[in-house]
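Please look through the notes below with the model open beside you. Take the points in order.

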Amino acid sequence: MVFRKPPDGGWGWVIVVVSFFTQFLCYGSPLAVGVLYLEWLDAFGEGKGKTAWVGSLANGIGLLASPVCSICVSSFGARPVAIFSGFMVAGGLMMSSFAPNIYFLYVSYGIVVGLGCGLLYTATVTITCQYFDKRRGLALGLISTGSSVGLFIYAALQRELIELYGLDGCLLIVGALSLNILACGSLMRPLESPSSLPPEKTCVDKVPDQYFVYREKEKTVEENISILEKGYIDEKCVHNVPDCKQESILNKNVLSSINVSEKDTYKKKVVEQTNFCKQLAKRKWQLYLTYWKETMVLFKNKVFSALFVAILLFDIGGFPPSLLMEDVARSANISEDDYYMPLISIIGIMTTVGKLILGILADFKWVNTLYLYVTTLLMTGVALFAIPFAKSYLTLAMLSGILGFLTGNWSIFPYVTTKTVGIEKLTHAYGILMFFAGLGNSLGPPIVGWFYDWTQEYDSAFYFSGFCVLLGGFLLLLAALPCWNACTNQSSKLPPNTYSYKVASNA
């Protein structure tokens, strides 16, 4: 597939709009799953830790499967993947309305909806990057706010739908709304050059076709020879019986020589095919070894090693509030009459504000993005420690806003990764970090829920969450201190393809 130069406008703005609404429609319910979490607790009577797996899987499985999602978009294109994933998200939500137990929800809501969201996220980011170059940061920033706006609106929408139509009706309606993803996906026109010729097939694509064509030709030759042989011999035997045996022997000798040459050609083709498969397997193995060598080189970078620990601990401790904050308010015996706005909606709108403000700050040359990211981690840990002391709606709303704003540090995470490993290693490093982020998203809420099941209160759970986030922040801060660079410069030279974090000394 040959692509034109990114137009940085035109139909690209349509792509931005539909990508925004795609993320809005697919991530609205999974991010606002805290409203549904309360209903599932009452409906199935399971423990908080077991019930929390539903929302954590829906938000984490897409990140865990990010390599698979990338392969699907690269192989089939953004538009087919978006349309197929729209069916997955809508179907998963509708199936969840008929869930007889919590284990059914693990599959329908956790895996099906979560994987559909991961595919849609990859498709929207990929198609947007194809249409934009100079304005790519602006375009990606606009579509990334779709999930935060979805969290803000869906939290109130799902609460209202549950009151009017019940849990099952709410999931059916939300699933029907998700079908609009199909319309958005149909507008994701690939940026192809209409005058470009289809690329010539590679050797890998040609060999199977040649092999099957050759086998078909060989079969045809054998069948035709047998038919001709039978007809020729029958005709001779009818007209000249004495010469029948002689002609038959002669024809068999000729045909046997033809069959021998065909068999030799077939053997040569088999040998060529076998050698090709061996070379292909050898090349794949070399690529596999190269991938792991590059991965080991990345982990030799102290800042990158600390960064993967920090993102894992941040998602273990920082993600549960967006899922459990409504239940925290109910456990604190806060009356629903005191609610001016769902706490999850506050988290959603402040996450949007945080993404925009932190993204703008990261563009200033005098701002060190790594230290800015570390600051958000440390402040998040302090806010988590303060949750057990919040006993009113006002204090919980303030903490929800603070946590939502700090969660907007996702907008500067690519900056931090780029500064840490370099632009050449960004794709490789970012995929690894997103895998651990998905692992943290999947484990965080169930761990907090298990703490509640053991202690019957959320205090120790959020102390644990705050400790995880603070630990990750301090480890990353220590790894990024300028003294590490000084020690590195005095030691032996770095091996090839190893990157040091030089920005840390330019604060």
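**Notes on the predicted model**

1. Start with confidence. The mean pLDDT of the chain is 77, and 77% of its residues reach 70 or more. pLDDT is the predictor's confidence in each residue, on a scale from 0 to 100. This is a predicted model: local features need pLDDT of at least 70, side-chain atom pairs count only at pLDDT 80 or more, and totals for chains, interfaces and linings use all residues. Residues are numbered from 1 along each chain as its sequence is written, and side-chain values use heavy atoms, with hydrogens and water left out.

2. Where should you be careful? Over residues 235-239, pLDDT stays under 50, and the model has three contacts there beyond four places in sequence. Over residues 486-507, pLDDT also stays under 50, with 33 such contacts. A contact means heavy atoms within 4.5 Å. Where pLDDT is low, the predicted coordinates should not be read in detail.

3. Now the aromatic rings. The structure holds 15 aromatic pairs. Rings of Phe, Tyr and Trp (its six-membered ring) pair if their centres lie within 6.5 Å; planes under 30 degrees apart count as stacked, over 60 as edge-to-face and the rest as tilted. W40 and Y109 form an edge-to-face pair, 5.3 Å centre to centre with 75 degrees between the planes. W40 lies in helix α2 (residues 33-44) and Y109 in helix α6 (residues 102-131), so this pair ties together parts that are 69 residues apart in sequence. Helices (H or I, at least four residues) are DSSP runs, numbered from the N terminus.

4. Are these two residues buried or exposed? W40 is buried, with a relative accessible area of 1%. Y109 is buried too, at 0%. Buried means under 20% relative accessible area, exposed over 50%, and partly exposed in between (1.4 Å probe, protein chains only).

5. Compare a second pair. The ring centres of F451 and W454 are 5.9 Å apart and the planes meet at 65 degrees, so the pair is edge-to-face. Both residues lie in helix α17 (residues 426-455), three residues apart, about one turn of the helix. W454 counts as exposed, at 65% relative accessibility. Elsewhere, ring pairs link F20, F21, F24 and Y154 into a cluster.

6. Two charges sit over rings. The charged end of K48 is 4.6 Å from the centre of the Y452 ring. The charged end of R189 is 4.3 Å from the centre of the W11 ring. The rule: NZ of Lys or CZ of Arg is within 6 Å of the ring centre and within 35 degrees of the ring normal.

7. Check helix α14 (residues 369-386). At 1.5 Å a residue, its 18 residues should span 26 Å, and its end C-alpha atoms are 26 Å apart, which agrees. The expected span is 1.5 Å times one less than the number of residues. Its buried residues include L370, Y373 and L377. The buried residues of α14 pack against helices including α11 (302-318), α13 (343-362) and α18 (459-480).

8. Finish with two buried residues. T51 is in helix α3 (residues 48-64) and is buried at 1% relative accessibility. Its side chain reaches the backbone oxygen of G47 at 2.8 Å. Not counting residues up to four places away in sequence, T51 touches Y37, W40, L41, E46 and I102. S400 is in helix α15 and is buried at 0%. With that same exclusion, S400 touches M325, L343, I346 and I347.

Methods:
Polar contact = N/O pair within 3.5 Å; in protein donor to acceptor, adjacent residues only side chain to side chain.
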